[in-house]
Amino acid sequence: MPTSMLMPSLSPTMEEGVVAKWLVKEGDFIKPGTMLCSVETDKTTVDYESMDEGFLRKIVVPGGSPAKVNQLIAVLTEDKNEDITQYLEKALKKDQEQLAAKAGPKPAPTPAAAPSAASNGSGPARASYTPGPAPRVAVAPEPVPSAGGRVLASPLARRMAEEAGIPLSGVAGSGPNGRIIRADVENYKPPAKGAKTEGPVQRPLYGSLAPIAPTQDLPLNMMRKTIGKRLLESTQSMPVFYATMKVDMGAINGLRAQLNRAPGYKVSVNDIVVKATAFALREFPQVNSSYMGDFIRQNANIDICVAVSIDGGLITPIVRDADQKGLGLISTEIKGLVAKAKAGKLAPDEYQGGTFTVSNLGMYGVDEFTAIINPPQAAILAVGGIQPEVYLDNGVAKQRDVMKMTLSSDHRIIDGALAAQFLSGLKSLLENPVWLML
């Protein structure tokens, strides 16, 4: 009896995945736990593990091709030579019907245009000229380094290049913004011996003008599609207001200086903000809530999402039970999660189900900003960088380091007074960090 292998749903927002690479081939015997293929989702790339046993009789969706969730991607059989012709036809027909049902009815055909006066007479019709699309100029892609000098590449491309010993700096990227994708690594040809090898193109930030690049239509990757869809839903369906508060970071700077004197120990401002936010959420559980349509869920656990920018998008790995963990453990977990996120190796349970999000752009020189809430969470904290500020102390001008934090709140759950109280409590914790040691 054949068994269908379907595209799994690896996240609540996943509608489609890409079979990045098959790890087995047709005819192989599969056991439960065997890694079948790598699946690129809207968040990351994960390996698809078989739950069944049998021979991989047919690969329906080849590597590098997309498939909708629950679409047939392969067939297993108990007998290596079993005829699956009828089973396959039936399964493919079922897939097509389901895809057609999701797509909805086809639009009615556009009625033909009425004949013109010129063509309605006895003489020959006059041919009209309709300009077609301008021909596209094929542009040879070249590797484009990011602002930090790092070559943009998908996690899968990085892994394939690493396994094959191919330097990413020598691979021409054909993805968005010159991003290196799987096909670029597969088509890589090493330079001939004796040929001059050139490094990544260094573009000047200032001074001479860069050459004008041709207009390009860049395809959306799955992560960018999901980001666009979910954030648009957030701004269109959620009544949001913003509240900003300054924090004197003098005590935090002193605490960090003491902690970071320990060898091999380095705590960032963001680590402390996450810890303090978790403490504040414990005092204000209404902020740690979710709007569920016809009721409000006040979450018992405090799972802080940390926004991380990665190639091609943004992801929010989660520090679980952050209010119950020490600062050192939180710092270690965040470093590990960020590294896995940038390598595209986060497991679904490491980025799904957070109850509150902290987004910090201070390291990019941003003073303050407003962040978009990630539904169904009720709020998100946007953290700016630490800046010197002159203030008056009993008429005497003094200087201090301040940080601005802005809370975006869903007004269906959080009122203005509650947002102010939460920010005030968080400010108090950051200005008196000894409480975080408890």
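Modeller: Helix 6 passes helix 8 in a right-handed crossing; a crossing is right-handed if the near helix is turned clockwise from the far one by less than a right angle, and left-handed if anticlockwise. Helices here are DSSP runs of H or I with at least four residues, strands are runs of E with at least two, and both are numbered from the N terminus. This is a predicted model, where local features need pLDDT of at least 70 and side-chain atom pairs count only at pLDDT 80 or more, while totals for chains, interfaces and linings use all residues. Residues are numbered from 1 along each chain as its sequence is written, and side-chain values use heavy atoms, leaving out hydrogens and water.

Now back to our pair. Helix 6 covers residues 269-283 and helix 8 covers residues 416-431; they pack at an angle of about 130 degrees, with their axes 9 Å apart. The axes are lines fitted to C-alpha atoms over the stretch in contact, and angles run from 0 to 180 degrees between N-to-C directions. That angle makes helix 6 oblique to helix 8, because angles under 35 degrees count as roughly parallel, over 145 as roughly antiparallel, 65 to 115 as roughly perpendicular and the rest as oblique.

Which residues of helix 6 and helix 8 make the contact? Helix 6 brings Ile272, Val273, Ala276, Thr277, Phe279, Ala280 and Leu281, and helix 8 brings Phe422, Leu426, Leu429 and Leu430. Contact means heavy atoms within 4.5 Å. Sorted by class, the contact of helix 6 with helix 8 has ten nonpolar residues, one polar and no charged ones. Ala, Val, Leu, Ile, Met, Phe, Trp, Tyr, Cys and Pro count as nonpolar, Asp, Glu, Lys and Arg as charged, and the others, Gly among them, as polar.

Glu431, one of the residues touched by Asp248, falls in helix 8 (residues 416-431). Asp248 itself is found in strand 9, residues 240-248.

Terms used:
Lists of a residue's contacts leave out its neighbours within four places in sequence.
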